[in-house]
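Reader: I am new to reading protein structures. Could we go through one together, feature by feature?

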Amino acid sequence: MAPLRLYKIIFILMLTLCCGKNEQPSAPSTISINPNDYPWLKAKKIFVDAGHGGTAATDKFRNGPHGVTEESVNLQVALFLEGMLKQAGADAIMSRRADVDISLDERCRMVEETQPDILVSVHHNGTIHAADGVNYTCVLVRGSLETFPASYDLAVYLKDELAKVIEAPALVVSDHSVFQETGTRILRNTAPVCPGVIGEGGFFSDPEQALLMTDPKYNEKEAMAYFNAIAAYLKGGIPTGQIYFACPIWKGVIRNRTPFVFLKADPGQKNTDIKEDSIVITLDDVPLTVTKWRRNIFRINYGRVLYPGGHRFRFYFRNSSNNSSMVLCSSFISDVERGDYANLIYNGRKQLNWGNVSEGLKMLLSANSMEATGPEGRKLIKDIADGFMKLGLSDTAEYYNLALHHFHPADEKKGKKARNVSWYPIRYYGKQIPIVFGLTP
Ligand SMILES: [Zn+2]
């Protein structure tokens, strides 16, 4: 493959001479893309992150056979992708366009600053047991399908497209499989901004695959897989939504206990609707229902009243293209008066005992939102965990049981059934969306 390498050297030399400072232009793609074929990509912001960079001399783990380095292949694919996206009329935002070392924090800051529609991070894989001929492709998403459904949708498109290029098994896995407790920093820190994935296209540690990676035509094919996946995903649109309270807000709190509350959904694409039966909405983790009000607008059935305390709606749904919104979250405070805390605990327990579990839970959770560390705290969380168990939500019940174990270590120590849980349970609430007050959508 000597002529190819020579081609590559001349190519890179030309780019370096043309642009100075190692900044490279978009790779001149041999594939021409007609923007009229992708009208929905126009002005869409796609953050393209070429993984690593500038560390090949020291980072031997990311160097493969045939002189291949992961960072250079990542950059090559990313530059081809940039060219394709620009041809299609999209706005490609690059984390790097040269062989430079940019910290993960800096990359995350760039995402935060530019607020893209989606993020794709281009990587390639390596393994210490390369001798076994390990080669497959995987797409990493943050968390689980329940916490990051929109990223998962994008990941499925990318997995299928990459599989065609690499001709090897392809799968979607959580970034917790790489870093168990935290997941990957790029997906973790950009999760509140937009759906994001890390593509791991093939193993640079595999001699056969590494040889392919030295070929710009092959890099271009891989970029095309990213382009096709991005185009197919964004064609379906990314739905989003906002909560409306018909009552006004007063010094940061609402005083009306029974306002009309709506979910106004934006399907994210023209001529699409929200699938009503896909709407998942909870108030402080207690599942709620909605009633259709107008097209893509739903009234939220929150129960009898909005109890005093701090609350959180958490919601997500799919549009008729079957694309999911991100998990969204809206918080508000309902006015608290003297005696509310004790009343909520007393009446909440009464409701639970009467079998009115959902209403009882809402009351106890409201009390818990006011004060989590007080003398009532331990018993309160225990009752909440039991309540969720009665509702059949064993995962949520388990969360509160684990929280209890961590919140009250002193009590736990002398407790009868000491648990041996050395990890802290973390809840992901979703992307924060401010509530609109005083308006009916
Ligand atoms: Zn990597």
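Predicted model: local features only at pLDDT ≥ 70, side-chain atom pairs only at ≥ 80, totals over all residues.

Reader: How many residues of α9 are buried?

Author: A residue counts as buried if 20 or more other C-beta atoms lie within 10 Å of its own. By that rule, ten of the 14 residues in α9 are buried, so this helix is mostly covered. They are G360, L361, K362, M363, L364, L365, S366, A367, N368 and S369.

Reader: And how do I read the length of α9?

Author: Compare the span with what 1.5 Å a residue would give. From its first C-alpha to its last, α9 reaches 20 Å, close to the 20 Å expected. Helix α10, residues 377-390, also has 14 residues, and its reach of 20 Å is close to its expected 20 Å.

Reader: Which residues of α10 are buried?

Author: Here the list is L380, I381, D383, I384, G387 and F388. These residues cover an arc of only 160° around the axis, which means they sit on the same side of α10. What they pack against is α8 (340-353), α9 (357-370) and α11 (394-407).

Reader: How do α9 and α10 pack, in terms of angle and distance between axes?

Author: For a pair of helices, look at the angle and then at the gap between the axes. In this pair the angle is about 150° and the axes are 10 Å apart. Angles over 145 degrees count as roughly antiparallel, and α9 and α10 are therefore roughly antiparallel to each other. Their crossing is left-handed.

Reader: Which residues meet where α9 packs with α10?

Author: From α9 come V357, G360, L361, L364, L365, A367 and N368. On the α10 side they meet L380, I381, D383, I384, G387, F388 and K390.

Reader: At what angle do α10 and α11 pack?

Author: The angle is about 165°, with the two axes 7 Å apart. That makes α10 roughly antiparallel to α11. Once again you can check the handedness: α10 passes α11 in a left-handed crossing. The residues of α10 that take part include G377, R378, A385 and M389, and among their partners in α11 are S394, Y400, L404 and F407.

Reader: How far apart are I198 and H124, in sequence and in space?

Author: They are 74 residues apart in sequence, while their C-alpha atoms are 9.5 Å apart in space. For the protein chain, take the contacts with a separation of 6 or more: 72% of these join residues 24 or more positions apart.

Reader: What does the protein chain contain, and what box do its C-alpha atoms fill?

Author: The protein chain has twelve helices and 16 strands. Along the principal axes, its C-alpha atoms fill a box of roughly 80 × 55 × 35 Å. Of its 441 residues, 44% are buried.

Terms used
Residues numbered from 1 in each chain as written. Helix = DSSP H or I, 4+ residues; strand = E, 2+ residues; numbered from the N terminus. Expected span 1.5 Å × (residues − 1). Buried ≥ 20, exposed ≤ 12 C-beta atoms within 10 Å, placed from the backbone. Arc of directions from axis to C-beta. Contact = placed C-beta atoms within 7 Å. Axes fitted to C-alpha atoms, helices over the stretch in contact; angles between N-to-C directions. Parallel < 35°, antiparallel > 145°, perpendicular 65-115°, else oblique. Left-handed = near helix turned anticlockwise from the far one by under 90°.
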